Amino acid sequence: EIEFPMTIFVGVDNELAGRFAAKEAANWIHDNWDNQLDKILIGLDQRVTSTHRQRIETVLNQLNTMIDYEADQVLHIDTKLSTEVTYQNVRPILENWQDNRKILMIAVGDSVAKGMLDISRDLGRQDDVVVVSFDGTSLALEEFRRPDCRLLVSPTFQPNEYGKHLISLVNRIAYGERVPRQNLIPPLCITRDNYEYILISISR
């Protein structure tokens, strides 16, 4: 999933995943917060590669075409991709943001989203936040099942499908076919509204 010069790349389409997440966030904010945002909190890991950062950048860029917000409304925090670290680092921010009632949280992955959601509930701030995440893991599915779910979307990259893409690509190369340098695997957009249908479809 990491691109190297002069090689053929196979990996997830982070930009498309970011567009999916931005659309879900914008629609929800339009319907529930009258297109208004007070703050945007982004949970990243400073060690992650540019491919993962592309998810976040795409969300921000796309969201800015649909929702008005200023750069000074956005705060990035380091999470180490840990639920516990995220919980600890988000706590003082929410305590300081007492007057902000419309907070969008963007998590680089579901373990970060869980920390954001846990501390929001523990502080009684769950109604003040919504979260978008990525990876579509069991952590996201558990959240989608909650009656008080505040996670909007978590596109899954279906790593169990990578093998099919790789075998097809190897066969094409072996038979002398010219293949694109970039071969992107589209994510499957899982939301709190469609997750049950998606799970049934995958299991068939």
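This briefing walks through the strands and helices of the structure above. The model is predicted, so to speak of local features needs pLDDT of at least 70, side-chain atom pairs count only at pLDDT 80 or more, and totals for chains, interfaces and linings use all residues. Residues are numbered from 1 along each chain as its sequence is written, and side-chain values use heavy atoms, with hydrogens and water left out. Helices (H or I, at least four residues) and strands (E, at least two) are DSSP runs, numbered from the N terminus.

**The five-stranded sheet**

- Five strands line up as β3-β2-β4-β5-β6 in an open sheet with parallel pairing; two strands pair if DSSP finds at least two bridges between them.
- At the edges sit β3 (74-78) and β6 (151-153), each of which pairs on one side only.
- On average, neighbouring strands of this sheet are turned by 25 degrees against each other, direction ignored.
- Strands β4 (residues 103-107) and β5 (residues 129-132) run parallel and are joined by four bridges, with M105 having V131 in β5 as its bridge partner.

**Helices on the sheet**

- Helix α4 (residues 110-122) packs on the sheet and touches β2, β4, β5 and β6, where contact means heavy atoms within 4.5 Å.
- The direction of α4 makes about 150 degrees with that of β4; axes are lines fitted to C-alpha atoms, for helices over the stretch in contact, and angles run from 0 to 180 degrees between N-to-C directions.
- Helix α3 (residues 83-96) lies across β2 (39-44), β3, β4 and β5, and runs at about 145 degrees to β3.

**A closer look at α3**

- From first C-alpha to last, the 14 residues of α3 reach 20 Å, close to the 20 Å expected at 1.5 Å a residue; the expected span is 1.5 Å times one less than the number of residues.
- At V90, α3 bends by about 25 degrees, and the proline P92 follows within four residues; the bend is the angle between axes fitted to the seven residues ending there and the seven starting there.
- T83, T86, V90, I93 and L94 are the buried residues of α3 (under 20% relative accessible area, 1.4 Å probe, protein chains only).
- Their cover includes β2, β3, β4, α4 and β5.

**Strands β1 and β7**

- Strand β1 (residues 9-12) runs parallel to β7 and is joined to β7 by four bridges, with V10 standing opposite N183.
- Strand β7 (residues 182-185) has N183 and I185 on a covered face, and Q182 and L184 on an uncovered one.

**Helix α6 and its end**

- Helix α6 (residues 162-174) has 13 residues and reaches 18 Å from its first C-alpha to its last, close to the 18 Å expected.
- Just after α6, G176 takes a positive phi of about 85 degrees.

Conventions:
Buried means under 20% relative accessible area, exposed over 50%, partly exposed in between (1.4 Å probe, protein chains only).
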